[in-house]
Amino acid sequence: MRKQWRPHIDLTRLSTALSEEILAATNQEVRRLHAETGYSIAAAAQDVRDLIAAASGEQGNPDPELVPAEGLYFSASCVRQH
Amino acid sequence: MGMERIFARNRGIAVTVDHTTVDAARAIRDLSDTDLVRLAALARLWSRGLPGGLGWTDVLNEAIVRVLDGSRPWPPGVPLLAFLSGVMRSICDDHWRWARREALTRHGDLAKLGASAEDTAPGPERMLAAAQALVEVNRLFAGDPQALKIIAGLSEGLTASEICRFYGMTERDYDTARKRMRRALLRCGLTWGVR
């Protein structure tokens, strides 16, 4: 038995495990569960895209001058290759 | 590809951007709809109970800013969502530490600020928020005794095999319960409020 309960440590451990569950969920699982919320996944994703655009300083369509010359629009894997 | 530097402007300020930043920006831009809702669920998970009115959108915003300004470089071989999850976790930890220091300063406990042990010790606000969050998670799985056992084990830092051994669960029971947990968590993570 532990001498002292440290809820923040317990929560961090649990949150780490739960974050792995979120990462491990299949696309199909995410889509199916999202459908149950009654809110379109495309709309929810767009909300997050807007948030990311705001964080990266973009307003609507990005000004080409504001992005690196190489561009950010290429298709890329979600794991860096180098 | 090396670290050739190119220039970009972010919020009107000239900044240098290297390829790690470009890679991250490109990959973030290419996230699928399902990955974006996963990202929001992760932001909600880490930011629960944060003090000072900070919500998941603030945490996600800050994570994106840190990655795009190069202050948090994306390590090779790490999946993007796992990396962003780690950045958000770190932002939340930093915010809790900042809030602790602010509270100590406000209450005149300046002597404690220099002491490293006190500096890193969680404040009562964090302990309370964590306890409340644990209660909520337990409530979420109240009708599922096996999930509750797994949650107790995970909170103790036990591995899957240790949880099975300790609670007398078969591997199959464990896997099935984890899947139920994942579904419940995602359902909850997808519907938690904006703040």
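Modeller: Glu29(A) counts as buried because its relative accessibility is 10%, where buried means under 20% relative accessible area, exposed over 50% and partly exposed in between, with a 1.4 Å probe and protein chains only. This is a predicted model, in which local features need pLDDT of at least 70 and side-chain atom pairs count only at pLDDT 80 or more, while totals for chains, interfaces and linings use all residues; side-chain values use heavy atoms, with hydrogens and water left out. Residues are numbered from 1 along each chain as its sequence is written, and chains are lettered from A and ligands numbered from 1 in the order in which they are written.

Glu29(A) belongs to helix 2 of chain A, residues 27-37; helices (H or I, at least four residues) and strands (E, at least two) are DSSP runs numbered from the N terminus. Apart from neighbours within four places in sequence, Glu29(A) is in contact with Arg182(B) and Arg183(B), contact meaning heavy atoms within 4.5 Å.

Within chain B, the axes of helix 4 (residues 80-106) and helix 7 (residues 124-140) come within 9 Å and cross at roughly 135 degrees. Axes are lines fitted to C-alpha atoms, for helices over the stretch in contact, and angles run from 0 to 180 degrees between N-to-C directions. Helix 4 of chain B is therefore oblique to helix 7 of chain B, since angles under 35 degrees count as roughly parallel, over 145 as roughly antiparallel, 65 to 115 as roughly perpendicular and the rest as oblique. From helix 4 of chain B, Asp93(B), Trp96(B) and Arg100(B) meet Pro124(B), Glu125(B), Arg126(B) and Ala129(B) of helix 7.

Finally, Arg44(B) lies over the face of Trp56(B), at 4.5 Å from the ring centre; a charge sits over a ring if NZ of Lys or CZ of Arg is within 6 Å of the ring centre and within 35 degrees of the ring normal.
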